[in-house]
Amino acid sequence: MTTAVPDGRPVVEMTGISIEFPGVKALDGVDLTLRPGEVHALMGENGAGKSTLIKALTGVYSIDSGRIVVDGAEHTFSGPGEAQAAGVSPVYQEVNLCENLSVAENIMLGHEPRRLGAIDWRTTRRRAGEMLARLNLDIDPASSLAAHSLAVQQLVAICRALVVECKVLILDEPTSSLDADEVAQLFAVVRRLRDEGVAILFVSHFLEQVYEISDRMTVLRNGKLVGEYVTAELPRLELVSKMIGTSLEVLEELEEAPKRSVADREATPFVQALGVGRKGSVQPFDLDVYPGEVVGLAGLLGSGRTELARLLAGADRADSGQVRVGGAPARLRTPRSAMQHKIAFSSEHRKAEGIVGDLTIRENIVLGLQAERGWARRLPKKQVDEIVETYIKALAIRPGNPDALIKNLSGGNQQKVLLARWLATAPKLLILDEPTRGIDVGAKAEIQKLVAQLSGEGMSVVFISAELEEVLRLSHRIAVMRDRVKVAEITNDEDVTVEDVVELIASGGQES
Amino acid sequence: MSTTAPAWQRAVQHRLFWPIVALVLLLAVNTINRPSFLSIRLQDGHLFGSLVNLLKNGAPLLLVALGMTLVIATRGIDLSVGAVVAISGAVALSFIASSPSPDSLTTVLVAAGIALALSFVLGVWNGFLVSVLGIQPIIATLVLMTAGRGVAMLITGGQITTVNSAPFKAIGSGFWLGVPVAVVLAGVVFAAVALLTRRTALGMLIESVGINPEASRLAGVKSRSIIWTVYAVCALFAGLAGLMISSSTMAADANNAGLFIELDAILAVVIGGTSLAGGKFSLSGTLVGVLIIQTLTLTVTMLGISPSVTPLFKAIVVIAVCLAQSPKVRDLVAARRRRAAPTSAAAAEVSA
C-alpha cells in the first residue's frame, strides 16, 4: 500500500456532471478530481454511474451540465477522438484488440507512421517495441496477439492507450479475467506509470485490489457522489456501507422481518455441494440446501455468487467436487440434467438468458416444461391453457393476454413469466439470480412474497440479490462470497443485521 | 382492437400480403401475354397446362426450400443442398445403370433408398459440424457445397450417366390420379413438415433456439440435437429433390444438377417472410416464395427474354418484396400516412 498521496494541480477536474437518459438521471452533479501520479479508484455498485462517468470523461456521452477541465483547459468533448487528443485514454473491460493482428499492429493501430502514403512497417515495429520496453514487457512486437495470455493482451491494450501522449489512463475492470500472478504483473506496470506522473483511474469490483493499488477513491451511488476519500484512511467496512448506501446507524435500527419456521435440519439436504468449483470462475465451495430452506448468497458484484449458482444449475460445468441431490451423487452437466434433478435456475440476465423475445407469454411459460418432455410429446392444449391461466392469475402477470409477445412486457412482468416457466416444471430447488433487479417496487414485493410462500410449501430456494436487506428478509441461511471464494456462512436469526453481513463481506470472514 | 380495423387493412398488414400480390401480378402478366396460360385440360386422364408444369417444375425447389426454412429458423443456413441434389441423382442413376434390371421397381426403390440414405448422412455431417463442433453454418456447409460436386463426379466417373427405367422416370414425369407425381410428393412432404412442426412442439422449440439459443439451453431445450436434426432433414429433402431432377431428365449431371438451387431456396425462404436472423418461420410463406420464383423464371422465358438474365428479375422481385416487408420502410410509410391523415393512421397502428 502506498502512503505518499500526491497533491498538486489536478490533471482532470470534473465538477457538477449530470447526464440524463430518457426517464433516468444517470449522473446527478458528480465531481471527480484526478491528480498526476496517483491511482484513483472509482467505486460503486452496479448501476451507480461509474461507466457513465467514464464515458463522460472520454467523450462517448455528452454531458447535460457541469464542467470538464483537463490540464487547465475546459473541454466539451463530442467524441472519443477529442478526449484522446486531450490526453485521456481509456482501456475498456472487454479488451478491444484485434486478435488476428500482430502485437505491433495492435499497439499502433490508427497511429501507424507513414512514408509516401504507405505504412512504414519497420518504424511501426520499432515504436511498438519502445512502448513495450516502457512497460518492461519482453515480447516480440511481430508476434500474433492471439498467441499471448489475456494478461499480456491487457498490457498491450495499455500500450496502445499510451501511444498518444497520455496524461490520464482509465482502466475499467482490467483484472476481471486475470489470475493472481497476472494481476501482480499488471499492477507493476500501473505503479511504473504512476511514478512517471500519469493519473490512473482504476475501476474494479475486487476490494483487495483496490486497497492494494489505489491512493484515493471516489464513491458513487445511484448516480450521485458519495464522496472522495484517501484509501488508507477509509476502512473497508465503511467503504462497503458507503457503496451499498445504508448508513450503519440506520442499518442497526432496521426492523427485522419476523423469521418463519426454520427449515427442518434433521432431514438430509436436498442439494449438497462438496468442494464444487470451476477454475477461473469460483473457488471450490461446500454448500447444503435443505428442503424448505431459503439460502441467500451475499456478496458484491463479481464476488462469484452468480458463478456458484451457475454450477449448481448445470449452466456451467464444474471441474472439481461433487454434487449430491437427495443424498445421491448427481452429475449436473447441462441445464437439462439439472432440471431432471428438479433444479431450476433463473438467470440474472433476463434479456440475454431468460426470455425468448419473439415468442408469446404462453410459449415462454411452457418452454421449460415442454423442453423437459421433448419435442415429440407436445403438451396437450388444454393443459397448456390451464398452466398458463393459473400462473397469469397467481403471479398477476400483465397484460393477462397469453398471446402477447414477451418482449413487449415490462421487466417485472417478464420476470414473472420466467418464474412461471420454472414453477411449471415443479422444481424442488429454485435458484433465483437477481430476480428483483430493475423491476418496479410492486413486482418486487410480489416476488419476495412468492419466494417466502414457496419455501413454506417445502421448496428449497437459493436467492441471490445485491440488496442485502432483501437477502436478510428472505433467507434462513446466508452464504457470503468475496473475490470468488465462499468466505462465510451464517444462520439468519433475529440478531443478524445488514451490518453483520457487510462486515463479513468487507473482512472476508476473517477477524478484522 | 384489431377486429375493428377494416378487413382490407388487416389483409394489407398480413405478412404474406405483398408476396401474394407479387405472385398474382406475375400470373396476370403471363395471362395477358398468353390468354391460355391459366387453362388446365384433362388429357389421357392427366392434367396438362402451364400451371401444372409450373407446379411440377417447382416441386424440387419446394422440397429444398422447406428444409432450408427449418435450417434458417435455427439461425443457420445450408449452402450444400445443390451439391446434395447432384450426389443423390448421381448415386441413384449409377446404381440403376449398373443394375441388370433397370426397369424393375425393386431396383428403383433400392436406388432411391441408397440415395436418400446417403443424403441423410451428408446432412448428419453438416449438422455435426454446426451443432457439435460449433463451426459457423455458412462455412460448415460450404465444405460440402464445394466438395459435393466432386463426389458426384467420382460417382458418375465424370460422365453424364443416362438410363432408361420406367419406374424411375415416374418420379419426375409420372402422374398419380392425374396429378404429377412430383407435385404429390412435394405436397405430402409439405403436409408432413407442417404437421410435424405445428402439431408437435418441434416448431416452437426450433423457433426458441433460433431466437435465443442461450435462454433455450438454460430452459432445458436440447438445442444441439434440434440443430443437428434440421440439417439432416434439410439434406434428406435435397436428396429427394435430386431424385426428381435427375428423373425428369433421366440423366445425372454432376456439374449442373441443382446448380444454384441453394440460392433460389434461400430467396424463397426470405420472400416468404422467414428472417435470416432465425426465429419465427413460415412454411406457407416459403410455399408462396417458391411459387413466385418459379413463376418468375417461367415469365422471363415466356416473354422471350434470354434465360441468362433471369437472375436480374429475381433480384428485382426480391428487393421489392423485402422492402415491402421491412419494418423500417413500413414505419416510414406509416409516418407519411400519419402526417397526411392523423386519425386513420392511429387505427392502422393499433392493428399492427
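The legends below accompany close-up views of a predicted model.

**View 1. Chain A as a whole, with its confidence along the sequence.** The average pLDDT of chain A is 85, and 91% of its residues score at least 70. Confidence falls under 50 over residues 1-5 of chain A, a stretch for which the model has eight contacts beyond four places in sequence. The pLDDT is also below 50 over residues 248-261 of chain A, where the model shows 17 contacts beyond near neighbours in sequence. Where pLDDT is low, the predicted coordinates should not be read in detail.

**View 2. Dimensions and secondary structure of chain A.** Chain A contains 18 helices and 22 strands, and its C-alpha atoms fill a box of roughly 75 × 55 × 45 Å along the principal axes. The radius of gyration of chain A is 25 Å, which agrees with the value near 24 Å that a compact globule of 512 residues would have. Of the 512 residues of chain A, 46% count as buried. Among contacts in this chain between residues at least 6 apart in sequence, 70% join residues that are at least 24 apart.

**View 3. The two assigned domains of chain A and the place where they touch.** The domain assignment divides chain A into domain 1, covering 12-250, and domain 2, covering 276-496. Taken over C-alpha atoms, the centres of domain 1 and domain 2 of chain A are separated by 35 Å. Contact between them involves seven residues of domain 1 of chain A and six residues of domain 2 of chain A. On the side of domain 1 of chain A that touches domain 2 of chain A, there are two nonpolar, three polar and two charged residues.

**View 4. The side of chain A that touches chain B.** Here 24 residues of chain A are in contact with 20 residues of chain B. Helix 11 (335-340), helix 12 (350-353) and helix 13 (361-373) of chain A each supply at least two residues of the chain A side, and helix 13 of chain A gives the largest share, with six residues. By class, the residues on the side of chain A that touches chain B divide into twelve nonpolar, five polar and seven charged.

**View 5. The largest nonpolar core and the surroundings of A:Val462.** In this core of 253 residues, the members that touch the most other members are A:Ile431, A:Val462 and B:Val64. Helix 11 of chain B, residues 223-249, provides the largest share of the core, with 16 residues, while domain 1 (12-250) and domain 2 (276-496) of chain A each contribute at least three. Leaving aside residues up to four places away in sequence, A:Val462 touches A:Val289, A:Val295, A:Leu297, A:Ala309, A:Leu312, A:Leu429 and A:Ile431. In soluble globular proteins, nonpolar side chains tend to be buried together.

Conventions:
Residues are numbered from 1 along each chain as its sequence is written. Chains are lettered from A and ligands numbered from 1 in the order in which they are written. This is a predicted model: local features need pLDDT of at least 70, side-chain atom pairs count only at pLDDT 80 or more; totals for chains, interfaces and linings use all residues. pLDDT is the predictor's confidence in each residue, from 0 to 100. Domain bounds come from an automatic or database domain assignment. Ala, Val, Leu, Ile, Met, Phe, Trp, Tyr, Cys and Pro count as nonpolar, Asp, Glu, Lys and Arg as charged, and the others, Gly among them, as polar. Helices (H or I, at least four residues) and strands (E, at least two) are DSSP runs, numbered from the N terminus. The radius of gyration is taken over C-alpha atoms; the globule rule is 2.2 Å times the number of residues to the power 0.38. A residue is buried if 20 or more other C-beta atoms lie within 10 Å of its own, exposed if 12 or fewer, and partly exposed in between; C-beta atoms are placed from the backbone. A nonpolar core is a set of buried Ala, Val, Leu, Ile, Met, Phe, Trp, Tyr and Cys residues joined through C-beta atoms within 7 Å.
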